[in-house]
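Reader: I have a structure to look at. Can we go through how to read it, feature by feature?

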Amino acid sequence: MFRGVESPNERLQRRVLAPLFSTGAGYRAFVLFLVAVVAWGVYAYIVQVNYGLMATGMRDVVMWGLYLVNFVFFIGISHAGTLISGILRVTHAGWRTPITRMAELITVVAISIGAIMPIIDMGRPDRVWHMIAFGRLQSPLLWDIISITSYLAGSLIYLYLPTIPDMALMRDRLAKGTSSLRQKIYTFLAVGWQNTPDQRRRLDKAIGIMALAIIPVAVSVHTVVSFVFSMTLRPGWDSTLFGIYFVIGAIFSGIATILIVMAIFRKLYHFEEFITDKHFRLLSYLLLTALLLYLYLTFSEYLTVAYKLAGEEKQLLATLWTGSNAPWFWLFVVAGMVVPAFLIIIRRGPVIPRVVTAAVLVNIAMWAKRFVVIIPSLQVPLMPFEFGAYAPTWVEWSITAAAFAAFILIFTLFAKVVPLISIWEVAEEQEKEEAPAQETREKQQPAMRPSPLGRRQV
Amino acid sequence: MARSPRKPDKIYNLQNGMTRREFITGAAGAAGALTLLSVPLDRLLNPVKPAQIPAEMANTDEKVRAWCMIIDLARCEGCVTENTPPQCTIACLGGHFAPKGQQWIEVYTAELPGGGTFFMPTPCYQCENAPCVNVCPVAATYQDKTGVVLIDHRRCIGCRFCMAACPYQRRFFNWGTPELPPEAAFAQYSPIYPVPAVKGTVIKCMFCLHFLRMGKLPYCVSGCPMKALYMGDLNEDIASNGVEVVKLSRFLDEREAYRYKEYLGTKPRVYYLPGYGQTFGRKPDDPRKLLPVVWPWGGEGYNRRVGIWPWGKSPK
């Protein structure tokens, strides 16, 4: 197969497909470990169902806890896919091609994990079907359900469409033998892809439509997630800023997550050739943009409250800045805003460790930020009584750990089924780079031209 | 929409001879048929009947009431003069078998601007513009025609959104299987008398609607030794604490009634009459404090304390 000099395309295929055909012992051990963590979380959940939410640290005053923090966090990082593959595709940013697949995978997996969290939080999970049978559209929770299921469906389609040519590639490669079941699956998933110009044109059009359609859905998802909080009369939640604040926060943590995932698979799957310093650098600029936007929104949010110091809001700020929640708040400010900003702005040292450190810090800080948004607002007394107490129990920590393990597990399993780099798109991009003369006319067009719908020549 | 001429290579599928239009109309038809077919299925999936209200509690009164409560803060002494825990709370939890920790009417020690304190009994405020009713995703909490906010514990999914939305913290959650005295099991559940409490659902004061419908006063009103609580009907403009009957509008006006956190726009149906206990001569430096409420049947509130093992920690 690899006679003589390898063409770039062949090398690309070999590199990207290699992990799909060989599985090491380390991989198995890692999967086993993740399965064990998830199983422990399932056990914790069984305990919780058995005893009721008594098993958690939540009580009448602080009635929401870690589950809701995880919910907002996972829905947040699901915005990675939308940003990278939706927005960058619409704006014709060619460098996105090697990372779109991973970004879309993050979206699908994160949204699935996130959507389970409110169900785990329910006092009566046996009645979850009441939401469908008796759903009231006046309730922000119903908006969440509609928005999140649309986003999940849309992201699944959007993940699947660009994999079709790669599925066909797998199908053709497996035609020579090996497991017949795998071959059948890939044949089914490739839906008769033969790479005809007509098919290419249709696929391009479909992807273009999905890229545009998924952006408003993604914005709506995190907006209505914020509405669960901002539709109440609580200090800190009663804010008109919450919609955009949550959306920007989601994009912020989404970019950080894609950076981490990129770095991990670059190393593990030897993608150094395709995912280069350039990708990390460009994404870090996007991260910085999101960071500055988030900083601005955080500043507006707290300054407007701190200037007036209205009764309950003052108590909230006291607990956030100097009180019992101060560690969480300042962790967010230092690890999420200050340090990552300096790591990106001061460009000293190799780019990848620097940017990935920033990304890890951002993700930790954004989890803390969700905690800071949800828990202290509930602790502030609304009646003449003391501050509410909340200490998560082992059940909540176990389920939280299981949620993260499940996220990594699903991702790890996906990585064995689907090529993590969109081979055909990268190849297409490589061809474009090799033939720049043909492209000059198109490149002279403004980069922000909105509609790519079917206009791209194949 | 103008019909464009058909392009066979685009929308005609050679394999089964179906156009896109046919496919779409067919799919829409199939979806419609499925919806129709799912109607009996929905009945099957839906064993939840509207909660039955026992005949003796049924509303026989033809008039539509608009129940409200008036709390005379001038008279409320938090039962420190009686040297007992607040009797309204005791009467309420005894009558409703409220799980331990849930004070549906709770007496707080609130501070006065001048440095003194006063006692503030807080039932559910039965807001007219109730934030909890607005956010419920399954209509488990609702207002009956008299304005009382009720909860159907057969429908509640335990999301606790109503608790987050309540700006008065007057809702409680049954965090586990409640520990109740055996006689609670004989009660017939209905949203107006939610006994016994249902695990994993939200619960609160419901103005003893089962009593009001029978023409009786709620537990807290009849239990108050100071006669500081009045039950009123805004429609009939009358209120009573069991001893005296007052003309409601004049009473509220003369006593300068206010509602808690009125600026929120929730329109509570509970009015406070300011006065801070002058009737009984409570001074700012009065050392007598509220006594903690004791549940007569004891226990931990919810049975089985949680441990790391499936069988949990054994109760001490």
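Author: Start with helices and strands. Helices (H or I, at least four residues) and strands (E, at least two) are DSSP runs, numbered from the N terminus. Chain A has 18 helices and 0 strands. This is a predicted model: local features need pLDDT of at least 70, side-chain atom pairs count only at pLDDT 80 or more, and totals for chains, interfaces and linings use all residues. Residues are numbered from 1 along each chain as its sequence is written, and chains are lettered from A and ligands numbered from 1 in the order in which they are written.

Reader: What radius of gyration does chain A have, and what would a compact globule have?

Author: The radius is taken over C-alpha atoms, and the globule rule is 2.2 Å times the number of residues to the power 0.38. For 458 residues the rule gives a value near 23 Å; chain A has 23 Å, so the two agree. Along its principal axes, the C-alpha trace of chain A spans about 80 × 50 × 45 Å.

Reader: How many residues of α15(A) are buried?

Author: A residue is buried if 20 or more other C-beta atoms lie within 10 Å of its own, exposed if 12 or fewer, and partly exposed in between; C-beta atoms are placed from the backbone. In α15(A), 23 of 29 residues are buried, so the definition makes this helix mostly covered. For chain A as a whole, 45% of the 458 residues count as buried.

Reader: What span should helix α15 of chain A have?

Author: The expected span is 1.5 Å times one less than the number of residues. Helix α15 (residues 351–379) should span 42 Å, and its end C-alpha atoms are 41 Å apart, which agrees.

Reader: Where does α1(A) kink?

Author: The bend at a residue is the angle between axes fitted to the seven residues ending there and the seven starting there. In α1(A), a kink of about 25° lies at R15(A), shortly before the proline P19(A). L12(A), Q13(A) and V16(A) are buried in this helix.

Reader: In which sense do β4(B) and β5(B) pair?

Author: Two strands pair if DSSP finds at least two bridges between them. β4(B) and β5(B) pair in the antiparallel sense, over 6 bridges. They form a hairpin with 5 residues between them, and G115(B) in the turn has a positive phi of about 110°.
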